[in-house]
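The coordinates come from a predicted model.

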Amino acid sequence: MKASAESDSTSQPDEERAALRTDAERNRERVLAAARSVFCEQGLDVPMTVIARRAGVGIATLYRRFPTREDLIGAVFADRMDAYAQATAEALTDPDPWHGFTTYIKRVCAMQAADRGFADLLTLTFPTAKALEAKRTEAYEGWLQLIARAKEAGRLRADFSPQDLPVLLMANAGVIAATGDAAPNAWRRQITYMLQAYAAEAAEQLPPAPTPSALYRAMIRLVKAPVSRN
């Protein structure tokens, strides 16, 4: 009896630690599920308190799991950024460079339309979210190859710039946010117009594209207000 009692006594702390780990993981999953739902419905500019309330946890618990908004965004959208990078890889396998180019743009814009949070994500940059930004870089490198292939095929206008995609995604995010449930397919018409404008046969000299540094500053400026909110 004594040995059994001692065994129970020594095992209790391990059981308690296991219970705490289980509870912590359960809270983490609740926060992630709530954040996915809220970001999808309302975009990334939503108070963290709303996410905590949706998850059924205290704000302190949320911040223990995800100390910053960028940490939470990175965790929520890891799989979406994987799909975003994969989209360029798949488009590059298309034997028709112009079809691969246009299909990629339609696919990414559809991803934006399906998730308002992701629509915001593609128009912002999060320097401290290293894994997320690594996927963005991977997708961007594939994007440069898509442009080169379409131009070499003579189908994409010569003055098309890599910076035209972020600008297009900003415009698409604005259309999605403005039309909402009232006209959920309005973005499709807008994108079709833009793809026709990108074609070489429709080319008319354009004003200069924004420089990469200017576009980066714009994306940083857009994200500063949302990430500072509680």
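## Packing around Arg136

Not counting residues up to four places away in sequence, Arg136 touches Met81, Leu121, Leu122, Leu124, Thr125, Phe126 and Met219. Arg136 is found in helix 8 (residues 130–152). Its relative accessible area is 14%; the cut-off for buried is under 20%, so Arg136 counts as buried. Two backbone oxygens approach polar atoms of the Arg136 side chain, at the distances tabulated here.

| Backbone oxygen | Side chain | Distance |
|---|---|---|
| Leu121 | Arg136 | 3.5 Å |
| Leu124 | Arg136 | 2.7 Å |

Leu121 and Leu124 are also among the residues that Arg136 touches.

## The nonpolar core

In soluble globular proteins, nonpolar side chains tend to be buried together. Here the largest nonpolar core has 55 residues. Those with the most contacts inside this core are Phe39, Ile51, Leu72, Tyr84, Phe101, Tyr104 and Ile105. Helix 6 (residues 97–114) supplies the largest share of the core, seven residues.

Tyr104 is in contact with Tyr84, Ala87, Thr88, Ala91, Trp143, Leu146 and Leu165, leaving aside its neighbours within four places in sequence. Of these partners, Tyr84 is itself listed among the core residues with the most contacts.

## Helix 6 against helix 10

The axes of helix 6 and helix 10 (residues 186–198) come within 11 Å and cross at roughly 155°. Angles over 145 degrees count as roughly antiparallel, so helix 6 is roughly antiparallel to helix 10. The crossing of the two helices is right-handed.

On the helix 6 side, the residues that meet helix 10 are Trp98, Phe101, Thr102, Ile105, Lys106, Cys109, Ala110 and Ala113. Helix 10 contributes Trp187, Ile191, Leu195 and Tyr198. An α-helix has 3.6 residues a turn, so residues three or four places apart point the same way.

Which residues of helix 4 are buried? They are Arg69, Glu70, Leu72, Ile73, Gly74 and Val76. Because six of the eight residues of helix 4 (residues 69–76) are buried, this helix is largely enclosed by the rest of the structure.

In helix 2 (residues 48–55), the buried residues are Met48, Val50, Ile51, Ala52 and Ala55. Gly56 follows helix 2 and has a positive phi, near 75°.

Definitions and conventions:
Residues are numbered from 1 along each chain as its sequence is written. This is a predicted model: local features need pLDDT of at least 70, side-chain atom pairs count only at pLDDT 80 or more; totals for chains, interfaces and linings use all residues. Side-chain values use heavy atoms; hydrogens and water are left out. Buried means under 20% relative accessible area, exposed over 50%, partly exposed in between (1.4 Å probe, protein chains only). Helices (H or I, at least four residues) and strands (E, at least two) are DSSP runs, numbered from the N terminus. A nonpolar core is a set of buried Ala, Val, Leu, Ile, Met, Phe, Trp, Tyr and Cys residues joined through side-chain atoms within 4.5 Å. Contact means heavy atoms within 4.5 Å. A polar contact is a pair of N or O atoms within 3.5 Å; within protein, one must be able to donate a hydrogen and the other to accept it, and residues adjacent in sequence count only if both atoms are side-chain atoms. Axes are lines fitted to C-alpha atoms, for helices over the stretch in contact, and angles run from 0 to 180 degrees between N-to-C directions. Angles under 35 degrees count as roughly parallel, over 145 as roughly antiparallel, 65 to 115 as roughly perpendicular and the rest as oblique. A crossing is left-handed if the near helix is turned anticlockwise from the far one by less than a right angle, and right-handed if clockwise.
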